[in-house]
Amino acid sequence: MQEYDVIIVGAGPAGLGASIEARKFGARVLLLDENGRPGGQLYKQIHKFFGSSDHYAGIRGFKIGEVLLQTAKDLGVELQLNTKVWGIFPDLSITAVYCGKSLRCRAKIIILATGASENALGFPGCTLPGVMTAGAVQTLVNVQHVLPAENYVMIGSGNVGLIVSYQLLQAGANVKAVLEASSSISGYGVHASKIKRAGIPIRLRYTVKRAIGRNSLEAVEIVRLDECFNAIANTEETIECDGLCLAVGLSPRIDLAVLSKCKMLYSTFLGGVLPWHNEDMETSHPNILIAGDLAGIEEASTALDEGRLAGLRAANKIGLCASNTYIEQKSVIINRLVSLRDGPFGERRRFAKASIWRNL
Amino acid sequence: MSRIFNHPVLEIQSRQSFEIYVDGISVIAYEGETVAATLLANGIRAFRRTRKFNEPRGVFCGIGHCADCIIEVDSIPNVRACITIVHPGMIVNTQKNN
């Protein structure tokens with residue numbers, strides 16, 4: 001069985017960041033991803049990122065993914081795509097499927113960077129063709145260059161809902177409304193402004209009651225909600241549309257962490273159940289680290305830096321990175337994370353993260 | 001349901017096109033795209049009907065996790081259309097009973 005110093009599951013920004021840091025110290029790194037292309041959600045993002053130059057501010061998401069991938073390859077990170085890790089065992093081996101064949105290999109340290117999955121919403125008609133997640137629409141539009149519908153209603157005003165709405169406009173589609181169940185817009189003002197300037201109404205305190213159509217989606221019935229999120233009678237409206245996008249939150253993909261018996265906990269502001277971890281990205285399992293959305297739903301820049309922290313810690317744990325170097329480089333990354341988690345939006349995540357770190 | 005040929009940010013490169021067959025009818029597919037993309041681009045949104053209530057199903061998650069978009073490809077049933085790449089002469093059949 002092939003042995004590595006570090007095996008990383010997931011080649012999104014967190015996994016790529018971890019592979020680069022670990023490899024810099026000479027670790028033998030295997031980076032695996034179930035998709036045919038690395039970069040996680042980055043390769044679907046066509047907007048320019050903001051932050052600092054360490055976070056590739058001003059560069060479009062898909063370009064950031066390309067840069068990270070090239071850096072990893074240049075350093076000699078071994079990358080295997082179309083490889084789905086389905087098992088993780090007490091001897092620190094992982095099993096994966098690659099083109100119908102089985103793969104098993106082992107490492108001293110495993111870093112799980114499996115990201116998140118989109119939440120679904122149940123309502124009559126939710127299975128109609130034309131009802132899909134915001135991520136599905138984003139993949140079809142930005143990667144496959146196909147518009148699955150002409151007229152859309154978006155459910156959810158978080159960053160995903162706002163950004164995908166804008167990307168739909170860029171692709172030439174019509175977004176008739178963004179529905180938000182709560183009384184305020186969830187996502188960043190900068191994204192909301194683009195939507196508003198384009199004339200898309202953001203309907204606060206509204207949600208979908210049912211999707212209507214025979215062979216596929218033809219219209220959506222929406223209803224107003226009160227402060228307790230209960231539907232208010234006789235406030236229904238029907239909007240004709242052939243696309244309904246669900247942007248109702250993300251949840252960490254915890255399967256491998258659960259399988260390896262990492263201690264889990266629930267965090268409201270970070271997406272639900274996730275593995276307990278400390279500031280060094282260590283879990284309750286001595287040889288498993290996590291990074292990115294798996295460690296709490298945030299964004300690409302925090303995922304990248306958490307990945308770097310995990311890669312650094314992995315190199316330190318196997319003795320390839322001396323303690324003083326580790327402490328020095330770790331503090332640089334931690335300072336960046338603190339500033340990324342600044343401001344009114346970041347504050348909530350910063351407190352949520354801090355309460356996880358202290359929770360063991 | 002249409003292909004995007006012009007975009008303010010994305011570079012839409014021209015690709016080779018070829019025929020695939022959907023329920024016996026020839027449709028145009030582009031090199032490197034998924035079966036789901038080809039079907040949607042050609043106006044086909046219902047990929048199958050459910051066994052019990054005969055309800056139409058199609059793409060939901062778009063990344064191979066939910067299995068709602070399953071369809072018969074080259075005589076193999078229940079293939080996830082959203083992550084399967086088309087090839088010239090592919091034979092796709094919508095599923096009537098799953």
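Biologist: What should I know about the model and the numbering?

Modeller: This is a predicted model, where local features need pLDDT of at least 70 and side-chain atom pairs count only at pLDDT 80 or more, while totals for chains, interfaces and linings use all residues. Residues are numbered from 1 along each chain as its sequence is written, and chains are lettered from A and ligands numbered from 1 in the order in which they are written.

Biologist: Great. How many residues does helix H2 of chain A have?

Modeller: H2(A) covers residues 61–75, which is 15 residues. Its first and last C-alpha are 22 Å apart, close to the 21 Å expected at 1.5 Å a residue. That expected span is 1.5 Å times one less than the number of residues. Helices (H or I, at least four residues) and strands (E, at least two) are DSSP runs, numbered from the N terminus.

Biologist: Which residues of H2(A) are buried?

Modeller: They are A:Gly61, A:Ile64, A:Gly65, A:Leu68, A:Leu69 and A:Ala72. These residues sit on the same side of H2(A) because they cover an arc of only 130° around the axis. The arc is that of the directions from the helix axis to the C-beta atoms. Buried means that 20 or more other C-beta atoms lie within 10 Å of a residue's own, exposed means 12 or fewer, and partly exposed is in between, with C-beta atoms placed from the backbone.

Biologist: And what is exposed on the other side of H2(A)?

Modeller: A:Gln70 and A:Asp74 are exposed there. The cover over the buried residues includes helix H1 (13–24), strand S2 (29–32), strand S3 (78–80) and helix H7 (300–317) of chain A. Just after H2(A), A:Gly76 has a positive phi of about 95°.

Biologist: Switching topic: which strands form the open sheet, and in what order?

Modeller: Five strands of chain A, in the order S8-S16-S10-S11-S12, with parallel pairing. Strands S8 (131–133) and S12 (202–204) of chain A are at the edges with a single partner strand each, so one side of each has no neighbour in the sheet. From one strand to the next, the twist averages 25°. Two strands pair if DSSP finds at least two bridges between them.

Biologist: How many bridges join S10 and S16 of chain A?

Modeller: Four bridges join S10(A), residues 151–155, to S16(A), residues 243–246. A:Met154 has A:Cys245 as its bridge partner in S16(A).

Biologist: Which helix packs on that sheet and touches S11?

Modeller: Helix H4 of chain A (residues 159–170) does, touching S10, S11 (174–180) and S16 of chain A. The direction of H4(A) makes about 170° with that of S11(A). Helix H3 of chain A (residues 134–142) lies across S8, S10 and S16 of chain A, at about 85° to S8(A). Axes are lines fitted to C-alpha atoms, for helices over the stretch in contact, and angles run from 0 to 180 degrees between N-to-C directions.

Biologist: Which residues have the most contacts inside the largest nonpolar core?

Modeller: A:Met154, A:Ile155 and A:Cys245, in a core of 67 residues. A second, separate core has 64 residues, including A:Ala11 and A:Ile254. A nonpolar core is a set of buried Ala, Val, Leu, Ile, Met, Phe, Trp, Tyr and Cys residues joined through C-beta atoms within 7 Å.

Biologist: Is A:Gly156 buried or exposed?

Modeller: A:Gly156 counts as buried because it has 25 C-beta neighbours inside 10 Å. The loop between S10 and H4 of chain A holds A:Gly156. Leaving aside neighbours within four places in sequence, its contacts are A:Gly161, A:Glu180, A:Leu246, A:Ala247 and A:Val248. Contact means C-beta atoms, placed from the backbone, within 7 Å.

Biologist: What about phi of A:Arg205?

Modeller: Phi of A:Arg205 is near 65°, a positive value in a residue other than glycine. A:Arg205 is in the loop between S12 and strand S13 (206–212) of chain A, and is partly exposed, with 18 other C-beta atoms within 10 Å.

Biologist: Last one: how many residues of chain B are in contact with chain A?

Modeller: There are 26 residues of chain B in contact with 26 residues of chain A. H1(B) gives the largest share of chain B's side, three residues.

Definitions and conventions: Two residues are in contact if their C-beta atoms, placed from the backbone, lie within 7 Å.
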